[in-house]
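Please view the sequence and the structure together while reading.

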Amino acid sequence: MPHHQPRSALARRVVVVVALLLAVLFAGLGTWQVMRLQWKLDLIARVDARVHALPAAAPPAARWAQLSKAADEYRRVRLVGHYLYQFTTPVQALSELGAGFWLLTPFCTTEGHIVFINRGFIPAADNKPGTYAARRASANPCAGQGGEKLTITGLLRISEPGGGFLRENDPAGNRWYSRDVALLAQARGLANVAPYFVDAGKNQDPPGAPERAVGGLTVIAFQNNHLIYALTWYALAVMVLGAWWWVRRHGARLTDD
C-alpha cells in the first residue's frame with residue numbers, strides 16, 4: 001500500500017481550532033434565532049391584543065412625533081369628523097378580492113387636523129379615467145360646516161413612503177403604489193395631516209359616499225421562520241463537532257494505513 005505522510009501536529013491543531021470556531025459560530029447564530037423567535041412571538045401577541053382591544057381615540061398631534069411601527073401599528077382607533085371626498089386618491093392594491101385600488105380619503109377630525117382614511121377596496125374596473133382627479137386644496141378645506149359628521153373606527157397604520165416594488169409614486173400623474181401620507185398631503189395641498197393613516201373597518205362607508213369601498217380587508221401576517229433557522233444552525237454546529245470527533249478518532253489511523 002502507498003505510504004502517506006502523517007499529518008503534522010500543527011495541521012491537526014488548525015483543524016481543531018477551525019472546527020471549534022465554526023461550531024461556536026453556528027451555535028451562536030442558532031441562539032440568536034431563538035432570541036428573535038421570542039421577540040417575534042411577543043410582537044405577535046402585542047399586535048393581537050391591539051387588534052382585539054376596544055377602539056380608543058386616535059393619537060393627537062402632541063403624540064405624532066413619538067409614534068412608531070413597533071409600538072403603535074394596528075391599534076384600534078376611533079375618529080369623529082367628516083370626509084373630504086373631493087380629494088380621494090386611489091392607491092394600487094392586491095387584496096383577497098383581486099387586483100384593484102385602496103381609496104384614501106382625507107378626514108377632517110373634530111380636533112382640527114386631517115387623517116387619511118383607507119376607506120377600503122374597489123375593483124380595478126371601478127377606477128375609471130377622471131373619477132379621481134388630482135385636485136389640490138386652495139384654502140383650509142376643513143373650515144366651515146363640512147360634510148356629514150361620522151364616527152370611523154379602524155386600525156392605525158404607519159405611512160408607507162417610497163412607493164411599491166420597483167415603482168415610485170407619481171403624484172403628477174396621479175399614480176400611487178403605496179400609502180405615503182406625507183406625499184399625498186403635499187400633492188393635495190393639505191396641511192396639519194397626521195403621519196399615519198387608518199384602515200377603516202367593515203361597513204364604514206356611509207350611504208351618501210360617492211362610491212362604496214369594501215373595508216375591513218387589512219391583512220395582519222408576520223413571517224416567523226426563526227425556529228427553523230435556529231434548528232438549522234444548531235444542526236450545523238452538531239455536524240461540525242461530529243466531523244471533528246470522527247477525524248480525531250479515525251484520521252490518524254487512516255493516514256498511517
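## Hairpin and strand pairing

In the hairpin of β4 and β5, which has 4 residues between the strands, glycine 112 takes a positive phi near 100°. Strands here are DSSP runs of E with at least two residues, and helices are runs of H or I with at least four residues, numbered from the N terminus. The model is predicted, so that local features need pLDDT of at least 70 and side-chain atom pairs count only at pLDDT 80 or more, while totals for chains, interfaces and linings use all residues. Residues are numbered from 1 along each chain as its sequence is written, and side-chain values use heavy atoms, with hydrogens and water left out.

β4 and β5 pair in the antiparallel sense over 9 bridges, where pairing requires that DSSP finds at least two bridges between two strands; leucine 103 has glycine 120 in β5 as its bridge partner. β5 also pairs with β7, in the parallel sense over 4 bridges, and valine 193 in β7 is the bridge partner of isoleucine 114.

Of the 10 residues of β5, 9 are buried (under 20% relative accessible area, with a 1.4 Å probe and protein chains only).

Terms used. Buried means under 20% relative accessible area, exposed over 50%, partly exposed in between (1.4 Å probe, protein chains only).
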